[in-house]
Amino acid sequence: MPSKPLPDVVAPDLDVLFCGINPSLASAARGHHFARPGNRFWPALHLAGLTPRQLAPEEDRQLLDHGLGVTNVVDRATRTAAELSPAELREGAERLAELVSEYRPRVLAVLGITAWRVGFDRPRAAVGRQPETVGGSATWVVPNPSGLNAHVQLPDLARIYRQLRPPRDDVGPPDS
């Protein structure tokens, strides 16, 4: 099996594990998550109050200091996520469930509705908290922070990210 172009930034019992779709070519070349110019992940984390300052991609390991982590559904780097096959997304979803089961973050945040719908076979899913868990963790699907996803503005991403760090007693599935 080829090595991952980006190592997971993960530790046991994180508050939130963010899961991108797959690395961009820029992220793979730099060796850090969300390194493509124009990606709004780092500013959104800071504006949401999840980090005390805006981290740079090269500081991605510092996420652990804030109870956060990051991984990807698919390891293969591409120019756009549209280059991924449904089979790659399904295989990646299985690996992600194993990772989440092992590390047990309180919340898994999948950054992209299409990756969730295809990878987890939830064709009618909507953005937001999901009724099911992945690997025992509360699961949210949130908009992709890529600059290519321009219809979701930075303040909206920050507002959504702010909701991801739940109180310690609110991590189960939403009420029906």
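pLDDT is the predictor's confidence in each residue, from 0 to 100. You'll need it here, as this is a predicted model: local features need pLDDT of at least 70, side-chain atom pairs count only at pLDDT 80 or more, and totals for chains, interfaces and linings use all residues. Residues are numbered from 1 along each chain as its sequence is written, and side-chain values use heavy atoms, with hydrogens and water left out.

**Confidence**
- The protein's mean pLDDT is 89, with 90% of residues at 70 or more.
- Helices (H or I, at least four residues) and strands (E, at least two) are DSSP runs, numbered from the N terminus.
- Confidence is lowest in helix α1 (residues 25–30), with a mean of 91, and highest in strand β2 (residues 68–72), at 97.
- Over residues 168–176, pLDDT stays under 50.

- Five strands form an open sheet in the order β2-β1-β3-β5-β4, with mixed pairing (two strands pair if DSSP finds at least two bridges between them).
- β2 and β4 (128–134) are the edge strands, each pairing on one side only.
- β1 (residues 16–20) and β3 (residues 107–111) pair in the parallel sense over four bridges.
- In β3, Ala109 is the residue opposite Phe18.
- Helix α3 (residues 86–103) packs on the sheet and touches β1, β2, β3, β4 and β5 (137–142); contact means heavy atoms within 4.5 Å.

**The largest pocket**
- On a 1 Å grid over the protein atoms alone, a pocket is an open set of points where a 1.4 Å probe fits, with protein on both sides within 12 Å along at least five of seven lines; lining residues have an atom within 4 Å of a point.
- The largest pocket is lined by 32 residues, and the closest to its centre are Ile21, Asn22, Ala81, Asn144 and Ser146.
- Helix α4 (residues 113–119) gives the largest share of this lining, three residues.

Terms used
Axes fitted to C-alpha atoms, helices over the stretch in contact; angles between N-to-C directions.
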